[in-house]
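Thanks, everyone. I would like to take a few minutes to walk through one chain, so please have the sequence and the structure open while I talk.

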Amino acid sequence: MHPPVEQDRKRVPFEGQTVRLRVKSGPVSGQRDVIDYGLQRRALLGDVAAGRRTQAEACDAHPHLLLAAKHYGTPGPVACPVCARHRQQHVHYVFGAALGKTSGQAKSPAELSQLAATHTEFDVYVVEVCPDCGWNHLIRSFVLGRPADSALTAADG
Ligand SMILES: [Zn+2]
């Protein structure tokens, strides 16, 4: 028997080598191509618990991320897996050519809805971050925005 978590541990989250799930969750409607990074998150936490990684390595939130969490974050539904406090924030980062200069920025859920209504497809990455201990991890990514060919379809209809 292979330990699947051990294999997933080596993967880089942003390469997206994970199972694609169709789920409806989170504060923004219209999400599709949702990718859940729970396996990698659990693997990292397992490494910390087993001493293969230090807590400092796992709790290395960049000052910019902490600032984004403060201004654009939404309260996370679960306690911090490291310090157990209940102040985790979810930060949504947007990426995509359709967004122009906005690509790479953190956005609030209201701003995401606005972007989704006015732009063609772009990627959203959700990062959980704890302002108390600095724990941070990519937890989910999904696609928002109008499908690239929807303008033609709408014009035809
Ligand atoms: Zn914490």
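Predicted model: local features only at pLDDT ≥ 70, side-chain atom pairs only at ≥ 80, totals over all residues.

Residues are numbered from 1 along each chain as its sequence is written.

The secondary structure comes to 6 helices and 7 strands, where helices (H or I, at least four residues) and strands (E, at least two) are DSSP runs numbered from the N terminus. Along the sequence, the order is α-β-β-α-α-α-β-β-β-α-β-β-α. Of the 157 residues in the chain, 25% are buried, and the term follows a count of other C-beta atoms, placed from the backbone, within 10 Å of a residue's own: 20 or more is buried, 12 or fewer is exposed, and in between is partly exposed. Contacts, meaning C-beta atoms placed from the backbone that lie within 7 Å, join residues at least 24 apart in 59% of the cases where the partners are at least 6 apart in sequence.

Now to the strands, which are said to pair if DSSP finds at least two bridges between them. Strand β6, residues 122-129, runs antiparallel to β4 and is joined to it by 7 bridges, with Val126 of β6 as the bridge partner of His92. β6 also pairs with β7, residues 136-144, again in the antiparallel sense, over 8 bridges, and here Val129 stands opposite Asn136. These two strands, β6 and β7, form a hairpin with 6 residues between them, and Gly134 in the turn has a positive phi of about 90°.

Which residues does Leu66 touch, beyond those up to four places away in sequence? They are Ala61, Val129 and Pro131. Leu66 counts as partly exposed because 17 other C-beta atoms lie within 10 Å.

Finally, a word on backbone angles: most residues other than glycine have a negative phi. Asp33, in strand β2 (residues 32-36), has a positive phi near 50°, and it is partly exposed, with 14 other C-beta atoms within 10 Å. Ala84, in the loop between β3 (74-75) and β4 (89-95), has a positive phi of about 70°, and Ala84 is exposed because it has 10 other C-beta atoms within 10 Å.

Notes
Contact = placed C-beta atoms within 7 Å.
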